[in-house]
Amino acid sequence: MVKPIIAPSILASDFAHLGCNCHKMYDSGADWLHIDVMDGHFVPNISLGPPIITSLRKEIPREEGKPTFFDCHMMVSEPEKWVPEIAKAGGDQYTFHYESTKDPVALVKLIKDHGLKAACAIKPGTDVGVLYPLAESLDMALVMTVEPGFGGQKFMKDMMPKVEDLRSKYPQLNIQVDGGLGEATIDDAANAGANVIVAGTSCFTAPDPSKLISLLRSKVEDSLASKGVLDK
Ligand SMILES: O=C(CO)[C@@H](O)[C@H](O)COP(=O)(O)O
C-alpha cells in the first residue's frame with residue numbers, strides 16, 4: 001500500500017529566499033522537498049550540493065510529526081562518492097541514476113549502510129526493465145518525465161507506460177515522476193499509478209501553492225484507491 005506524496009522541487013525556488021520558500025512549501029501541505037543535485041557532468045547544469053543541504057537541514061530540523069523529509073535526486077557522474085556527504089548533510093533519501101553507476105546493487109547497499117533510503121532513477125531513454133532486478137531492494141523508483149538537467153520542461157506523456165508497468169508489477173513501491181508535473185499533467189501521472197509527484201515550476205509559481213498541492217494529492221489519492229493500493 002502506498003500514499004500520495006507531493007514533493008516540490010526546490011530547483012524552481014528563488015535561491016536568494018530558499019529557506020523561506022521551503023518553509024512555505026511545507027506550510028502549504030508538501031510532504032517532501034525534492035532537492036536536485038547536479039554536477040555539470042552527468043547533466044549540463046550545476047545546481048547545489050551538500051553545503052546547501054546542510055544549511056537547509058539547520059533551517060528545517062527533523063521533528064516528530066512534522067514533514068521535514070529531504071528527497072535528494074543525485075544527477076551526478078559518481079554517485080558512490082557523495083553518499084557519506086549527503087547523509088552527513090541531512091538528506092533522507094538518495095536517488096541515484098541507473099545510467100551513472102556500474103554496480104547499482106552495491107550502491108543501494110552503500111546508501112542504506114549510511115542510514116538513507118535508496119531510490120533509483122531512469123532517464124527517458126532507459127528501459128524500465130533495468131529496474132526489475134533492483135525493485136525489491138529499493139524504497140522508490142523514479143521515472144523521469146523530462147531529460148534531467150533543467151526545470152520548466154514539457155512533461156513526456158510517453159513515459160507513462162513505464163509507470164503503469166512498475167505499478168502493476170510492484171503495487172507497494174513508491175513510484176515517483178519528475179518533470180513538467182502540474183494541474184495539466186497530473187491526470188496522466190496519477191492514472192498511470194505514480195504516487196510521488198515532483199512539481200517544481202508549478203508549485204513555486206502557483207498563486208496559492210496549498211490549493212495546487214491539495215489538487216495533486218486528491219488526484220493521486222483517487223487513482224491509488226481505484227487501483228486498490230491506497231494506504232489510508
Ligand atoms: O530533476 C529535475 C530536472 O532535472 C526536476 O526535479 C525539475 O526540477 C522539475 O521541475 P519542473 O519541471 O517541475 O519545473
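**Helix α6**

Contact here means C-beta atoms, placed from the backbone, within 7 Å. Helices (H or I, at least four residues) and strands (E, at least two) are DSSP runs, numbered from the N terminus. This is a predicted model: local features need pLDDT of at least 70, side-chain atom pairs count only at pLDDT 80 or more, and totals for chains, interfaces and linings use all residues. Residues are numbered from 1 along each chain as its sequence is written.

Which residues of α6 (residues 160-169) are buried? I noted M160, K162, V163, L166 and R167. Seen down the helix axis, they fall within an arc of 155°, so they line one face of α6. The arc is taken from the directions from the axis to the C-beta atoms. I noted P161, S168 and K169 as exposed, on the face turned away from the buried side. My cut-offs: buried is 20 or more other C-beta atoms within 10 Å of the residue's own, exposed is 12 or fewer, and partly exposed is in between.

I then checked V163. Not counting residues up to four places away in sequence, V163 touches V143, I175, V177, A189, A192, G193 and A194.

**Listed binding site**

I looked up the UniProt record. Its unreviewed entry lists H34, D36, H73 and D178 under "binding site"; such annotations may be inferred rather than shown by experiment. The four span 145 residues in sequence, yet no two of their C-alpha atoms are more than 10.6 Å apart, so they gather at one spot.

Is H34 buried or exposed? H34 has 30 C-beta neighbours inside 10 Å, so it counts as buried. H34 sits in strand β2. Leaving out residues up to four places away, its contacts include A7, P8, D71, H73 and V198.

D178 lies in strand β7. With 28 C-beta neighbours inside 10 Å, D178 counts as buried. Beyond four places in sequence, D178 is in contact with H73, L142, M144, T145 and V198.

**Ligand**

Last, I checked the ligand. Of the 22 residues around it, S9, L11, G151, G200 and T201 come nearest. A residue is near if its C-beta atom, placed from the backbone, lies within 6 Å. I found that β2 (32-38), β8 (196-199) and α8 (201-205) each supply at least two residues of this shell.

Definitions and conventions. Contact = placed C-beta atoms within 7 Å.
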